[in-house]
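Work through the exercises below with the sequence and the model in view. Each task is followed by its solution in steps.

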Amino acid sequence: MIEEYPDDKYSPSCLLLGFTRMGRPLHIQVSLADGESLRIITLYEPSQEEWVNYSRRR
């Protein structure tokens, strides 16, 4: 988990860092809107210009 957003617009969410089998970094913002189902809000490849080791903002 990179960042938490407890006051997000619709429900609390967080930003996760993951890697594909080929080593491609991915950021995934997810929410537990109803407490049971995980919902993907967005998924993107982080920019090296904006992130240090893909996990800390520059």
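A polar contact is a pair of N or O atoms within 3.5 Å; within protein, one must be able to donate a hydrogen and the other to accept it, and residues adjacent in sequence count only if both atoms are side-chain atoms. The model is predicted: local features need pLDDT of at least 70, side-chain atom pairs count only at pLDDT 80 or more, and totals for chains, interfaces and linings use all residues. Residues are numbered from 1 along each chain as its sequence is written, and side-chain values use heavy atoms, with hydrogens and water left out.

**Exercise 1.** Which backbone oxygen does the side chain of H27 reach?

Solution. Start from strand 3, where H27 is found (strands are DSSP runs of E, at least two residues, numbered from the N terminus). The side chain of H27 reaches the backbone oxygen of Y54 at 2.7 Å.

**Exercise 2.** Decide whether H27 is buried or exposed.

Solution. Buried means under 20% relative accessible area, exposed over 50%, and partly exposed in between (1.4 Å probe, protein chains only). H27 has a relative accessible area of 0%, so H27 is buried. Among the residues that H27 touches, leaving out those up to four places away in sequence, are L15, L17, L43 and W51 (contact: heavy atoms within 4.5 Å).

**Exercise 3.** Find the salt bridge partner of E3.

Solution. A salt bridge is a side-chain nitrogen of Lys or Arg within 4 Å of a carboxyl oxygen of Asp or Glu. E3 pairs with R57, with the closest N and O atoms 2.8 Å apart. E3 lies in strand 1 and R57 in strand 6, so the pair ties together parts 54 residues apart in sequence.

Definitions and conventions: Helix = DSSP H or I, 4+ residues; strand = E, 2+ residues; numbered from the N terminus.
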